[in-house]
Amino acid sequence: LRVISASEKENNDPSLLISHHMHQFDQVYESLFYDNQFSEYVPNLVADWSVGSDGKTWNFELRKGIRFHEDWGEFTTADVVKTMEWYTRPANPDPRIEDMKLFLEGHEVIDDYNITFTLPRPFLDGTYLFSGQTNTHILSKAFLDAEGEEGLQENMIGTGPYQFVERELGASILHERVPYEHWRVTPDFEELQFLFVFEPSTILAMLLADEVDIGILPFDLQSAATGA
């Protein structure tokens, strides 16, 4: 599936990007929660969760058997903690890290699949904080420990139904369907490619020439694309 994207940001690190650019990552990485069509935050990589009556204690139980791409191991609480450390590092200017720091400072790993957060004050937006809505995608601790920031610029290792293939700077990014049964969904398309094109007339020409499958056009060009 070939999709036109007008993204001006090119980076393999989801902690440095905003929602406008997350289409590049949403099929590769996954979050603990996701927001559904009713704007409700529901469990994703989390199997179950609870909040204390005082709003200060959060408990997450993770799904078991979730695998990272390219044999980078199974998803566990160690990856949740590492992701939080990565998102709250000094190099990240995002204001949401102040809330995440509260969770990080108060975390207690119970075992590989259970983690508890004890906060100094009530906080009721934990599902939002750890959702795709805020781009808090779970990273692989094993990969980051082995490859670091330089490795992250060359590859994306997530738990999503697509895995990263290559990025051609200024041109495109290519993902392919994982070669195993994904825990959540099996994509219809073997490959997913985003092409970075900004000029509407070029997008129209590519659509008419069947060089891409999906693209957004301004209203004044839509009739030319449909023949209406």
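Guide: Contact here means heavy atoms within 4.5 Å. This is a predicted model: local features need pLDDT of at least 70, side-chain atom pairs count only at pLDDT 80 or more, and totals for chains, interfaces and linings use all residues. Side-chain values use heavy atoms, without hydrogens or water, and residues are numbered from 1 along each chain as its sequence is written.

Start at Phe103. Setting aside neighbours within four places in sequence, Phe103 is in contact with Trp58, Met84, Phe117, Leu119, Phe123, Gly126, Leu129 and Phe130.

Now widen the view. A nonpolar core is a set of buried Ala, Val, Leu, Ile, Met, Phe, Trp, Tyr and Cys residues joined through side-chain atoms within 4.5 Å. Buried means under 20% relative accessible area (1.4 Å probe, protein chains only). The largest such core has 45 residues, and Leu32, Phe60, Phe75 and Phe103 touch the most other members. Elements giving two or more residues to this core are β5 (57-62), α1 (77-87), α2 (97-105), β7 (114-118), α4 (141-154), β8 and β10. The largest share, five residues, comes from α1. Helices (H or I, at least four residues) and strands (E, at least two) are DSSP runs, numbered from the N terminus.

Apart from this core lies another, of nine residues, including Leu195, Ile203, Leu204 and Met206. Leu195, in β10, stands opposite Ser172. Strands β9 (residues 172-177) and β10 (residues 191-196) run antiparallel, joined by five bridges. Two strands pair if DSSP finds at least two bridges between them. The open sheet has four strands, ordered β1-β10-β9-β8, with mixed pairing. Its edge strands are β1 (2-5) and β8 (162-168).

Technical notes:
Buried < 20%, exposed > 50% of the residue type's maximum accessible area, 1.4 Å probe, protein only.
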